[in-house]
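I opened this notebook page to record what I looked up in the model and in which order. The entries follow below.

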Amino acid sequence: HWPLLVQTGTSHRSCFNGLDATDPGDTRKWLTTLDRSDQALFRLVLNGTHITQDGKHYCQEVMEDTCPFCDCSDSRFHRFWICERFEHLRSQVPDDVRSASVDLPEALTVSGWSLMPTTMVEWNQYFAGLSHSGPLMFHHDGDVDLFTDGSCQNQHCHKSRFAGWAIVFASTSAVHDYTGSQVIDAGVLPGILQSAVRAEIFAVLQALKLTVRHKGTVRLWSDCDSVVRRVTKLLQGASVKPNASHSDLWNEIAQCLQDRAGATVITHVAAHQHEHNAGGVLFEWCFRHNALVDKHAVRANWSRPTEFWELHDRHVLAISRLTRLCRIVQNLQLEISKAVVQFDSPTQIDTVPEDAVSPPARPWTPLPPLHIPGGAARWYGDHIVRLILSWFWQTLHQSQDEVIWISHFQLYIDFMCCTGHPGPVHLTTWQDGEVLPRVQLLGLAFRQRARWFAKVWKQSLKHCGIEIEF
C-alpha cells in the first residue's frame, strides 16, 4: 500500500500522476546501470526538480512561460516530447512509443518512473491464494534423514519468478541405490514472495512440521548454506529478529525446534555433484539423494494447472513489452536532460575587455518620493528592500551629477561601505545576510553575492515603477 500513500502525498504535482502504478525497484535497477553523473542528472527528473519555465514562478519572479528553445509554452512534457529543438533526439523513438506518450501516466513520460505491468496484481493474487495442506505426520521408527530442496524459475526477474520445493526421506538400508527412499512431500511455494531461498526455508519448515512429534533424531540435509547456518544458530539458542528476511517462516521453524520431542541436526551438502565423483560411501549417498530431491523440487514447481501457464505467458509478455517502452522513454529523457545542461552551462571564454560605451543621451529622470513596494518586500524581505532603496535614494535623490555607467560590482561595494550590510543571500530562500548565522563561514563568492544584490535592487526598482538603463 506504500505506493498509494506516496501518490496521495504528491497528488498536487501533475508530473507524479500515476505514481501508484510505478515500479520503484525496476527504476532503481536501471539507475544503477548509469554512470554517476548521469545518475545525478536523472534524479532531477525522478524527484521533480527538473525545472522548466512554467514552474519558475514558484521560485523566481518571471512573467512568462515561453520555452527558451522555441516559442511555445514550456513544460516538462513539452521539453521531452514536443520541443522542436530536441526532435533529432526523438527521431530514434519508435512510432508506437511516441503515440503512446500522450496516454501513458506522467509519472513515466514526464518523471521517468518505470511502470508496473498491468498483470502484476493478478500474478500476486494467484500466489497469495496458494496454500499447502500436505501430510500431517511422518511415521518412522528410529532416526530419520530428510533431504530438502527448493527450485526457482526465472530467479533473475523478481516480477515473474515462481518456486517449488520437495522433501525426500533417505533410507540407509541401501547405500548404492534408492531402495527404501521416497518423496514424502512436495509442492509449490505459497505467498507473494517467490525466491529460491524462501523455497529452501519452506522445505525445511515442512520437514520439521512432519517430524515435530518424532521422538528419534531428525537429520536434515540441505544444499543451501545460508539456511543451514541460520538453522544451526536457532539450534544454539538464537532468536529471530522481527524485521529479518523471511522472519515469518523462521519464527515457525524456531517454534518447531522448541516443540520437537527428539534431537535435530542439520548438515550442508554440496549442490549439483555427481555421485560417481564422490570420495566415499557417505558422499555418494549424500550426492544421490540431493540430486533426487532437486529433481522432485523442479517437477513440483512445473506441475501447475493450465490457468497458471496462461497467466504466466501473459505476464511475461507484459513485462517484456513494458520494459522496452520504459527504457526507450528513460533514455530519451536522459539524453534531452544532458542536452539542456550543456545549453545552460556553456564553456566560459575569456574575452579582452572593450572600452566602455558612452552613457545614453536621454536626460536623467529624477527619482520620485521614496516608498517601499509591498510586492518586493513580500518576496525578498521588508528590511533588505527598505535598506537597499534607502541607500539608493539617499545617494541619487535630487542629484544633478553627470550620468555615467556604474558596474554592479561598484554599486555593491558602495552599498556595503555605506551601510555595513553584507546584502541579501539566496540559499533555499531569500534571507537577510546580516541576520543569517555564520554567513562569513559559508565562503560565498563575491561575484555571487553581487548578483544577489543586483537582483534584489533591480526587482525593487521595477516594483517601484522606475526604469533604469542597463
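Is the crossing of helix 10 and helix 11 left-handed or right-handed? I looked this up in what is a predicted model, and I noted that the crossing of these two helices is right-handed. Their axes lie 10 Å apart and the helices pack at an angle of about 45°; since angles under 35 degrees would count as roughly parallel and 65 to 115 as roughly perpendicular, helix 10 and helix 11 are therefore oblique to each other. For the residues that meet there, I listed Val227, Arg230, Val231, Leu234 and Leu235 from helix 10, facing Trp250, Ile253, Ala254 and Leu257 from helix 11.

I then followed Trp250, which, leaving aside neighbours within four places in sequence, is in contact with Ile201, Val227, Arg230, Val231, Leu234, Val240 and Ser245. Trp250 is also, with Leu146, Leu220 and Ile253, among the residues with the most contacts inside the largest nonpolar core, which has 34 residues. At least two residues of this core come from each of strand 1, strand 2, helix 9, strand 4, helix 10 and helix 11, and helix 9 gives the most, with nine residues. I noted a separate core of 27 residues, which includes Leu41, Leu46, Cys83 and Leu334.

My last entry concerns Arg327, which I found in helix 13 (residues 306–344). With a relative accessible area of 19%, Arg327 is buried, because the cut-off is under 20%. Not counting residues up to four places away in sequence, Arg327 touches Asp26, Trp30 and Ser114, and its side chain makes a polar contact of 2.9 Å with the side chain of Asp26.

Methods
Residues numbered from 1 in each chain as written. Predicted model: local features only at pLDDT ≥ 70, side-chain atom pairs only at ≥ 80, totals over all residues. Heavy atoms only, no water. Core = buried A, V, L, I, M, F, W, Y, C linked by side-chain atoms within 4.5 Å. Buried < 20%, exposed > 50% of the residue type's maximum accessible area, 1.4 Å probe, protein only. Helix = DSSP H or I, 4+ residues; strand = E, 2+ residues; numbered from the N terminus. Contact = heavy atoms within 4.5 Å. Polar contact = N/O pair within 3.5 Å; in protein donor to acceptor, adjacent residues only side chain to side chain. Axes fitted to C-alpha atoms, helices over the stretch in contact; angles between N-to-C directions. Parallel < 35°, antiparallel > 145°, perpendicular 65-115°, else oblique. Left-handed = near helix turned anticlockwise from the far one by under 90°.
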